[in-house]
Amino acid sequence: MHTWRSTSAHPGPAPSTPGARDRRRRFRRASTLGALLGVAALLVSACSSGGSAKPAGHPAAGAALAALPRSTPAALAPYYDQKLTWRACGVPGFQCATLRAPLDYAKPDAWQTRLAVARKKATGPGERLGSLLVNPGGPGGSAIAYLQQYAGIGYPLDVRAHYDMVAVDPRGVARSEPVECLDGRQMDRYTQTDFTPDDEQEVGELVDAYKRFAEGCGADAPGLLRHVSTTEAARDMDLLRAVLGDEKLAYVGASYGTFLGATYAGLFPDRVGRMVLDGAIDPSLPARRMNLDQTAGFETAFRAFARDCVRREDCPLGDEAKNVGTNLKAFFRKLDARPVATGDTDGRKLGESLATTGVIAAMYDEGAWPTLRDALNSAMRENDGSGLLALSDSYYERDADGRYTNLMFANAAVNCLDLPSAFSTPDEVRKALPAFEKASPVFGEGLAWATLNCAYWPVAPTGQPQRIEARGAAPILVVGTTRDPATPYRWSRALSRQLSSARLLTYDGDGHTAYGRGSTCVDRTINTYLVRGKAPAQDKRC
């Protein structure tokens, strides 16, 4: 079985050259075509034009993230005063270093964790504006890979001329003491588990898969699992800001990276510099509400795909948009009964789970829709599942040798710590199925069962839903895409209403996130803000 991620590991600003555009596409394929929500919860909200609607008595209704004291505690001084030792790290033009951080900020004199940092220095000419920290999302996406493969070479020349481009892999992610849970063969079995169980036996198999995944993570690093929260990662970012010599934090975060950035703003509002939060998450929502909203977001994206598909001669799902979802569900049911060959050297066949993952992965970027049509044609008409398997593998970050990155492990570890599980038992999922299937007739059932993973997590959650206001912060630019599948537009609206200094930039378009997706209006607005410090005077639509 899989874990649905909430954020993208590949969004980014417009490339400055055709070559940079190609690099961005390669990075997208290498890291993931999608950003499905995490095991802790698929993200969802219910907000009106004035913000998020919450049921009476919801803990976030009166709770807001409190800022930390402005003065640095004496016990943290050794961390804030440390010097980074920069070294070459195998990629021309980039330098790497290791940042020390307390494993537990409540006990900074106890255990430490080591965080991998990378940078590419400002190219000039012109005034140096300090460091620009980037995070591509996840949780679990490698910020360093994103920096080296795209942001450090593909961000607009004007941005790279004025900023040192910097990334840190958050604790537990990629090069920063990564969480590990299952080996490659175990992950292959996990990703093929049926997540639309038809009977009690299949429910038991799904629960067992979740338990084995959780046990594997707990056995690897039980101490670390308690300290990979977004709040702790945000505090690590402030350490890095200070060590780099920046008075304020300049930051571009996408998808989950918006939650990380907003959390930083809530904890350190007086240290916020130029901050872009693209494809925002609403931090005030509990896991179940987030899951429902994201389920509806995937349905919105799928309907856009359906309308486009039926206009194409090669659409394998019919010639009327209203029937595309029904036809796809029928295909999934056939795969559930009889998987098709893929030519995979490890013998994997394309069943319902891998096929669904492949389809959802392509919902994150309308540029992947032709690839999806080709893959569906091959699977439905030629019994060749290799195309959909490739899409699924790109989502899971599985390479041709059967190795997985730690993306899915870190994703679960962070999500399960940040929020209490949406559901605790299979019976609770069953009761919620009608609501999820109403939100998305195509994906609702599978997305509902995907939320159960954190119910078996070996570490209790430490976070809770809460508003983030960041009173006193400099202007923050929140960016939302109207038909974003993974971070529904309503979340961006909700976060922009919570943050006291936010401006909302709306992109009327498809796909996950907006910066660098082809809108000159969006890119010009963000670039002007980053380089010249000019935020829109009021909310803006592109």
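This is a predicted model: local features need pLDDT of at least 70, side-chain atom pairs count only at pLDDT 80 or more; totals for chains, interfaces and linings use all residues.
Is the crossing of α8 and α9 right-handed or left-handed?

1. The crossing of α8 and α9 is right-handed. Helix α8 covers residues 230-243 and helix α9 residues 256-267; their axes lie 9 Å apart and meet at an angle of about 70 degrees. Because angles of 65 to 115 degrees count as roughly perpendicular, α8 is roughly perpendicular to α9.

2. Next, have a look at α13, residues 369-382. This helix has 14 residues and reaches 19 Å from its first C-alpha to its last, close to the 20 Å expected at 1.5 Å a residue.

3. Buried in α13 are W369, L372, R373, A375, L376, N377, S378 and A379. Their cover includes the helices α10, α11 (321-337), α12 (352-362) and α14 (386-396), along with β11 (502-510).

4. Helix α16 (residues 426-439) is worth a careful look too. Its 14 residues should span 20 Å at 1.5 Å a residue, and the end C-alpha atoms are 19 Å apart, which agrees. Even so, α16 bends by about 45 degrees at A432, and the proline P434 follows within four residues.

5. A432 is also one of the buried residues of α16, together with P426, V429, L433, F436 and A439. These buried residues pack against α6 (200-220), α10 (287-309) and α17 (444-450).

Technical notes
Residues are numbered from 1 along each chain as its sequence is written. Side-chain values use heavy atoms; hydrogens and water are left out. Helices (H or I, at least four residues) and strands (E, at least two) are DSSP runs, numbered from the N terminus. The expected span of a helix is 1.5 Å times one less than its number of residues. The bend at a residue is the angle between axes fitted to the seven residues ending there and the seven starting there. Buried means under 20% relative accessible area, exposed over 50%, partly exposed in between (1.4 Å probe, protein chains only). Contact means heavy atoms within 4.5 Å. Axes are lines fitted to C-alpha atoms, for helices over the stretch in contact, and angles run from 0 to 180 degrees between N-to-C directions. Angles under 35 degrees count as roughly parallel, over 145 as roughly antiparallel, 65 to 115 as roughly perpendicular and the rest as oblique. A crossing is left-handed if the near helix is turned anticlockwise from the far one by less than a right angle, and right-handed if clockwise.
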